[in-house]
Amino acid sequence: MALLTCHFFSEALQESTAMTVLLPESAHGQIGMAGSDRSGPPPVLYLLHGLSDDETIWTRRTSIERYVAERGIAVVMPRAGRSFYADEVHGQAFWTFLSRELPAAVEHFFRVSDRREDTFVAGLSMGGYGALKWALREPHRFAAAASLSGALSVTDAAQREMLRTLIPQVWGENDPEGTDDDLLTLLDRADPATLPALYAVCGADDPLRPGQEAFVARARERGVPVDAHVHPGVHEWGFWDRHVQDVLDWLPIRG
């Protein structure tokens, strides 16, 4: 795999930002690291970080580079601050950056597939929320979307506590419940026939588990399939390093 740090200017954010990118290569001579002989532009996974992290965290805390090498898939990991992937009322336009500017920049800078069937999104915690929000708001873009320990219900008590200090910055005097930043509301508005495949996994002792359960229950009420799992574990990197491998196995990556 080629590992790149890409610094570029964002019009949406009105500042320089960065993304970490993994690109597949053959490299069969590497000891202990398989390569990919895929021809043509590779599929791409947008992999989103959590509340306290940045664009480097997945490569620092997991073996994501090793896990994707044989699969021949590119991975794009953008920087998003503590934004909950929203256009902040008192901050920056991170939703616009994520949903409009980032894919255009990736297409401009890198040789990756732009086909829906080759495009995926996933993330952990705040990033799990961001991944499913992106998939529900723009289902035409993705073949599949996955959440690991995601903050999936803005009405859940544990998530409300997480959001308590962020709501004034991100949403101002408004409450995200009932808006396009509320995943349960997005499920109510969704056409199940148009949605990508959805996946959610959470630790049994993770305080965000009730939020995942609320999301899965609402999805089932709306006839939206979710491949949902609960495994022993808490909100930590050992869990995400293990289960991002399950996500990669689940993705419908074409051969």
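The expected span of a helix is taken as 1.5 Å times one less than its number of residues, and helices (H or I, at least four residues) and strands (E, at least two) are DSSP runs numbered from the N terminus. This is a predicted model, in which local features need pLDDT of at least 70 and side-chain atom pairs count only at pLDDT 80 or more, whereas totals for chains, interfaces and linings use all residues. Residues are numbered from 1 along each chain as its sequence is written, and side-chain values use heavy atoms, with hydrogens and water left out.

**View 1. Helix 4 and its length.** At 1.5 Å a residue, the 12 residues of helix 4 should span 16 Å, and the end C-alpha atoms are 16 Å apart, which agrees. Helix 4 is mostly covered, since 11 of its 12 residues are buried (buried means under 20% relative accessible area, exposed over 50%, and partly exposed in between, with a 1.4 Å probe and protein chains only). Among these buried residues are Met126, Tyr129, Lys133 and Trp134.

**View 2. Strand 5 between its neighbours.** Six of the six residues of strand 5 (residues 119-124) are buried, so this strand is largely enclosed by the rest of the structure. Strand 3 and strand 5 run parallel and are joined by five bridges, where two strands pair if DSSP finds at least two bridges between them. Strand 5 also pairs in the parallel sense with strand 6 (residues 144-148), again over five bridges. Phe120 stands opposite Leu45, and in strand 6 the bridge partner of Phe120 is Ala144. From strand 5 the chain crosses through helix 4 to strand 6, and this β-α-β crossover is right-handed, a term used if, with the strands pointing away from the viewer, the path from the first strand over the helix to the second runs clockwise.

**View 3. The ring pair of Tyr46 and Trp134.** A search of the whole structure finds 10 aromatic pairs, where rings of Phe, Tyr and Trp (its six-membered ring) pair if their centres lie within 6.5 Å, and planes under 30 degrees apart count as stacked, over 60 as edge-to-face and the rest as tilted. One of these pairs, between Tyr46 and Trp134, is edge-to-face, with 5.3 Å centre to centre and 65 degrees between the planes. Tyr46 lies in strand 3 (residues 44-48) and Trp134 in helix 4 (residues 126-137), so the pair ties together parts that are 88 residues apart in sequence. Both Tyr46 and Trp134 are buried.

**View 4. The bend in helix 3.** Helix 3 (residues 94-109) spans only 20 Å between its end C-alpha atoms, while a straight helix of 16 residues would span 22 Å. A kink of about 40 degrees lies at Glu101, shortly before the proline Pro103; the bend at a residue is the angle between axes fitted to the seven residues ending there and the seven starting there. The buried residues of helix 3 include Glu101 and Pro103.

**View 5. Two loop residues with positive phi.** Tyr85, in the loop between strand 4 (74-78) and helix 3, has a phi near 50 degrees, a positive value in a residue other than glycine. Tyr85 is buried, with a relative accessible area of 1%. Ser125 lies in the loop between strand 5 and helix 4, and has a positive phi of about 55 degrees although it is not a glycine.
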